[in-house]
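Opening the notebook on a new model. I'll jot down what I look up as I go.

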Amino acid sequence: MTRDEIVESTYRSAVGLNKLKSQLGIINSSTASRIENRILKALETVNKIDGIVGNYSTPEERNEKLQTIK
């Protein structure tokens, strides 16, 4: 597995575990929804960062684009 595949599968596993905890009544549906939204937002952010790092060659370009995520 590549680093990207490991990251993707880790976040997807977290979503699945969160759903399972909700189904079993360990957490309520409102909490599960908030957690899932945070997990998906984190995955989206990781993908944005990876895209910036992979597409901009100079540190100045990368830093400028990374600041937009902040």
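Is Asn18 buried or exposed? I get 5% relative accessibility for Asn18, so it counts as buried (buried is under 20% relative accessible area, exposed over 50%, partly exposed in between, with a 1.4 Å probe and protein chains only).

Housekeeping: this is a predicted model, where local features need pLDDT of at least 70 and side-chain atom pairs count only at pLDDT 80 or more, while totals for chains, interfaces and linings use all residues. Residues are numbered from 1 along each chain as its sequence is written, and side-chain values use heavy atoms, with hydrogens and water left out.

**Asn18's surroundings.** I placed Asn18 in helix α1 (helices are DSSP runs of H or I with at least four residues, strands are E runs of at least two, numbered from the N terminus). Skipping residues up to four places away in sequence, I found Asn18 touching Ile27, Ala32, Ile35 and Glu36 (contact means heavy atoms within 4.5 Å).

**The helix pair.** Next I looked up α1 (residues 3-23) against α2 (residues 29-55): their axes come within 9 Å and cross at roughly 175° (axes are lines fitted to C-alpha atoms, for helices over the stretch in contact, and angles run from 0 to 180 degrees between N-to-C directions). That makes α1 roughly antiparallel to α2 (the classes are under 35 degrees for roughly parallel, over 145 for roughly antiparallel, 65 to 115 for roughly perpendicular, and oblique for the rest). I sorted the residues of this contact into 11 nonpolar, 4 polar and 7 charged (Ala, Val, Leu, Ile, Met, Phe, Trp, Tyr, Cys and Pro count as nonpolar, Asp, Glu, Lys and Arg as charged, the others, Gly among them, as polar).

**Val46.** On the α2 side I checked Val46, which is buried at 18% relative accessibility. Beyond its neighbours within four places in sequence, Val46 is in contact with Val7 and Tyr11.

**Salt bridges.** My search of the whole structure gave 5 (a side-chain nitrogen of Lys or Arg within 4 Å of a carboxyl oxygen of Asp or Glu). Arg3 pairs with Asp4 at 3.1 Å, N to O, and with Asp50 at 3.4 Å between the closest N and O atoms. Arg3 sits in α1 and Asp50 in α2, so this pair ties together parts 47 residues apart in sequence. I noted Arg3, Asp4 and Asp50 as a linked network of salt bridges. Asp4 is partly exposed at 47%, as is Asp50 at 28%.

Last one: Arg12 bridges to Glu8 at 2.9 Å, both in α1 and 4 residues apart, about one turn of the helix.
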